[in-house]
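Visitor: I have not seen this one before. Can you walk me through it?

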Amino acid sequence: MAYSEKVIEHYEHPRNVGSMDKNSDEVGTGLVGAPACGDVMKLQIRVEDGIIKDAKFKTFGCGSAIASSSLVTEWVKGMSVDQAALLKNSQIAEELNLPPVKIHCSVLAEDAIKAAIADYKAKQAKRQA
Amino acid sequence: MTFKIPIFMDNHSTTPMDPRVLEAMLPFFCDDFGNAASRNHAFGWKAEQAAELARDQVGALIGASGKEIVWTSGATEAINLAIKGVAEFYKDKGNHIITGQTEHKATLDTCKRLEKQGYHVTYLPVRSSGEHAGRIMPEDVEAAMTDHTVLVALMLANNEIGTVHPINEIGAVVKKRGALFFVDAVQGVGKIPFDVNESKADLVALTGHKMYGPKGIGALYVRRKPRVRVVAQIDGGGHERGMRSGTLNVPGIVGFGRAAEIAKAEMATESVRIAGMRDRLRDKLFAALPEVFINGSWEHRLPGNLNISFAFVEGEGLMMAMKDVAVSSGSACTSASLEPSYVLRALGIGEELAHTSIRFGIGRFNTDEEIDYVANHTIEAVTKLRDLSPLWEMHLEGVDLKSIVWAAAEH
């Protein structure tokens, strides 16, 4: 199976690789997938005044999984949390030209950003409580 | 750098053809193109003579007579003919077949079809750890045999993990109980010693392209003394003593014969050289990388096989990073099914490690220089991807990955 140029480009030059302090109130962390399934994504966002100022990821998975998470971190930076929550896996799959067998990689990336946002929101709710 | 990129190190999938094989084949395309079944003119005689010489060459490699070789289109056909052909011919003697969980799909799916037709099939598990990891032992076979067992179908060596079964000892057990013994010898023949009489094999499947011969040509050894019968699965002109109809692929047969001749002459020295390269690769990888694991028995293994799990790095992602090297992976992502290798699973290797496996298949045309390049390339790729892996990060933090409840229940 040949990879699309965009997948290869993200795979070879992944954006925003790294980790943030998961205990910080400003940081939301999403950890999705499972080692047994061959895909695990950790996606983190740092939020200031409702805007995603920074995003980082680490991914265990195939090239398409790495590219999907790299792309999402690139996209969500500068978005509001509410905008980022609207991101759809189909947009990721379309941008990267993922074949049907790799659509689950884009689903996982959508799950990852949603999980990171949910984690951030839970922290905020706790702080206000 | 005196080698070409990309480097081919996937010699279990296929092998490059030896130039000496090509040389032997060339006259049989445009000049000596006759149909080996044409009995009445020189073109036919020449083709027949060439096919008969190749029969002897292939037979000699496994200690058989050329008369016991039936040409097929490849190993898949030979396996189908052996298992279905025996099951059908001997159906009045019994309806039980024994095979192994780590067999090739050609064997497993053939057996599954027979199950639908009412045969009973036992799929033996393999030993999961220690010296015999990945092997089936003679006592395992013996315990599974019943009075209804007509056929035991096992491989000489495994295509993924290179594990070599104690085939001679298993053959003795099978014969003691009076069943027929079919050996899928595709991966082992030409690489390790194998003899139809020492193994007491009744049927043996072989293919040309795994031993530096051409693709599209295989053979089934069918024992003559005592005579073993199979029901033909392809109907037609009654070629190959009625066991396999179809015009002979003479250039392919000639090439397969020459490849077998070379393998017989050079196996002893070649296997030592190839095992040396394999060990060199293993030593370099193990010296540089923590958390790497050999899959399957180390002691009972094909000389060219190195199957390693690089924990916390997914196999397909790793192959993409090792783009200068052609290898294969037991990762789910390399198959449409998204399930990791059934061979690794049969060994009891967890799915999370099965996803991280890479199979290096070292062959005749690899060099020490290539080994060094591949080792460094692999080490760089694994290191890069571990820096990218959340699992590696958690491992370094001392998190037990098994303690985590993973969010994804589905693949």
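Guide: What follows goes through the chains, their contacts and a few backbone details.

Guide: This is a predicted model, where local features need pLDDT of at least 70, side-chain atom pairs count only at pLDDT 80 or more, and totals for chains, interfaces and linings use all residues. Residues are numbered from 1 along each chain as its sequence is written, while chains are lettered from A and ligands numbered from 1 in the order in which they are written.

Visitor: OK, chain A. How many helices and strands does it have?

Guide: Chain A has five helices and three strands. Helices here are DSSP runs of H or I with at least four residues, strands are runs of E with at least two, and both are numbered from the N terminus. Read from the N terminus, the order in chain A is α-β-β-β-α-α-α-α.

Visitor: And what is its radius of gyration?

Guide: The radius of gyration of chain A is 14 Å, close to the 14 Å that the globule rule gives for 129 residues, so chain A is as compact as a globular protein of that length. The radius is taken over C-alpha atoms, and the rule is 2.2 Å times the number of residues to the power 0.38. Along the principal axes, the C-alpha trace of chain A spans about 50 × 30 × 20 Å.

Visitor: Now the helices. At what angle do helix 2 and helix 4 of chain A pack?

Guide: Helix 2 (residues 63-76) of chain A packs against helix 4 of chain A at about 115°, with the axes 10 Å apart. Axes are lines fitted to C-alpha atoms, for helices over the stretch in contact, and angles run from 0 to 180 degrees between N-to-C directions. Helix 2 and helix 4 of chain A are therefore roughly perpendicular to each other. The classes are: under 35 degrees roughly parallel, over 145 roughly antiparallel, 65 to 115 roughly perpendicular, and the rest oblique.

Visitor: Which residues make that contact?

Guide: Helix 2 of chain A contributes Ser64(A), Ala67(A), Ser68(A), Leu71(A) and Val72(A), and helix 4 of chain A contributes Ile92(A), Glu95(A) and Leu96(A). Two residues are in contact if their C-beta atoms, placed from the backbone, lie within 7 Å. By class, this contact has five nonpolar, two polar and one charged residues. Ala, Val, Leu, Ile, Met, Phe, Trp, Tyr, Cys and Pro count as nonpolar, Asp, Glu, Lys and Arg as charged, and the others, Gly among them, as polar.

Visitor: Where do helix 4 and helix 5 of chain A meet?

Guide: Asn89(A), Ile92(A) and Ala93(A) in helix 4 of chain A meet Ile103(A), Ser106(A), Val107(A), Ala109(A) and Glu110(A) in helix 5 of chain A. That contact divides into five nonpolar, two polar and one charged residues. The axes of helix 4 (residues 89-96) and helix 5 (residues 103-128) of chain A come within 8 Å and cross at roughly 130°. That makes helix 4 of chain A oblique to helix 5 of chain A.

Visitor: What about helix 2 with helix 5 in chain A, how do they cross?

Guide: The axes of helix 2 and helix 5 of chain A come within 9 Å and cross at roughly 40°. Helix 2 and helix 5 of chain A are therefore oblique to each other.

Visitor: Changing topic. How many residues does each chain put into the contact between A and B?

Guide: Chain A gives 23 residues and chain B gives 23 residues. On the side of chain A that touches chain B, the largest share, four residues, comes from strand 1 of chain A. By class, that side has 14 nonpolar, seven polar and two charged residues.

Visitor: And chain B itself?

Guide: Chain B has 14 helices and 13 strands. The C-alpha trace of chain B spans about 75 × 55 × 35 Å along the principal axes. The domain assignment of chain B gives domain 1 (7-11 + 268-403) and domain 2 (19-263); such bounds come from an automatic or database assignment. The contact takes 20 residues from domain 1 of chain B and 22 residues from domain 2 of chain B. The C-alpha centres of the two domains lie 30 Å apart.

Visitor: Which peptide bonds in chain B are cis?

Guide: The bond from Ile5(B) to Pro6(B) is cis, with omega near -5°. Another cis bond joins Lys225(B) and Pro226(B), with omega about -10°. Pro226(B) lies in the loop between strand 8 (218-222) and helix 9 (250-288) of chain B.
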